[in-house]
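Please look over the sequence and the model shown here before reading on.

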Amino acid sequence: MSELHESRRTAPPSRTQAKVLIPDEYPMVSLLGSRDELLRVIEGAFRADIHVRGNEITVTGSPDESGAVVRLFEELVEVLRSGGELTPDAVERSIAMLRMTSDRPAEVLSLDILSSRGRTIRPKTVNQKRYVDAIDQHTIVFGIGPAGTGKTYLAMAKAVRALQEKRVNRIILTRPAVEAGERLGFLPGTLYEKIDPYLRPLYDALHDMVDPDSIPKLMAAGTIEVAPLAYMRGRTLNDAFIILDEAQN
């Protein structure tokens with residue numbers, strides 16, 4: 001019995017060959033990257049031989065690996081079809097999605113949240129897509145995650161989109177003024193000048209999505225309001241998109 005198991009273990013795995021034909025309207029450089037940088041990312045992630053001739057890609061490897069590579073190229077073509085741009089980071093994220101989740105990378109990477117100032121904001125991960133979907137589906141959404149995972153930024157993009165589509169009349173951005181050594185009273189200026197440093201992360205995200213010249217006008221009209229959390233008690237907030245940042249404080 002042990003000899004039989006040993007012979008099975010050392011037997012070469014079966015290999016299959018699969019072909020992917022890339023439509024002519026998509027240049028191979030957009031799929032494989034400049035100097036094949038995207039192709040090298042894919043080759044490093046799979047145990048399969050990948051050969052490119054013209055617009056035909058041949059994949060040779062185990063059935064599972066070959067099938068995964070074929071599905072990856074199909075998803076990447078869908079991203080290009082939706083107007084998305086492929087980068088090494090996007091390819092690595094697509095590979096991770098195929099291996100770890102049942103979500104389609106093309107559905108995640110091609111979801112347009114907001115088009116503004118010459119660029120489009122899209123989710124980069126499955127959880128980011130679930131986050132923005134939850135904002136569409138629910139009245140109140142709690143976003144929990146480490147710093148830099150897009151909680152504030154994506155919420156701001158959804159808020160600006162809702163305002164543009166007139167689904168809300170105003171955006172209210174609020175944040176606790178948590179002191180880090182210095183007290184508000186020691187800062188120079190008026191009350192709003194004192195709290196400005198604490199609200200700066202919200203301003204930074206807003207300036208990425210709205211023409212900076214129009215922000216003062218929107219704030220003067222009350223269409224966009226930035227206030228510390230302590231001033232929100234007792235407010236009536238109708239037809240508003242409200243973002244409470246750093247709520248754990």
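Apart from its neighbours within four places in sequence, Ser66 is in contact (heavy atoms within 4.5 Å) with Thr16, Val59, Thr60 and Gly61. This is a predicted model, in which local features need pLDDT of at least 70 and side-chain atom pairs count only at pLDDT 80 or more, while totals for chains, interfaces and linings use all residues. Residues are numbered from 1 along each chain as its sequence is written, and side-chain values use heavy atoms, with hydrogens and water left out.

Ser66 lies in helix α4, which covers residues 63-81; helices here are DSSP runs of H or I with at least four residues, and strands are runs of E with at least two, numbered from the N terminus. Ser66 counts as buried because its relative accessibility is 2%, where buried means under 20% relative accessible area with a 1.4 Å probe, protein chains only.

Elsewhere, helix α3 (residues 37-45) packs with helix α5 (residues 88-100) at an angle of about 30 degrees, their axes being 9 Å apart. The axes are lines fitted to C-alpha atoms over the stretch in contact, and angles run from 0 to 180 degrees between N-to-C directions. The two helices α3 and α5 are therefore roughly parallel to each other, a term for angles under 35 degrees. Where they meet, Glu37, Leu38, Val41, Ile42 and Ala45 of α3 face Pro88, Val91, Glu92, Ile95 and Arg99 of α5.

The chain as a whole has 10 helices and eight strands, and buried residues make up 38% of its 249 residues. Of the contacts in the chain with a separation of 6 or more, 62% are between residues 24 or more positions apart.

How values were computed
Buried means under 20% relative accessible area, exposed over 50%, partly exposed in between (1.4 Å probe, protein chains only). Angles under 35 degrees count as roughly parallel, over 145 as roughly antiparallel, 65 to 115 as roughly perpendicular and the rest as oblique.
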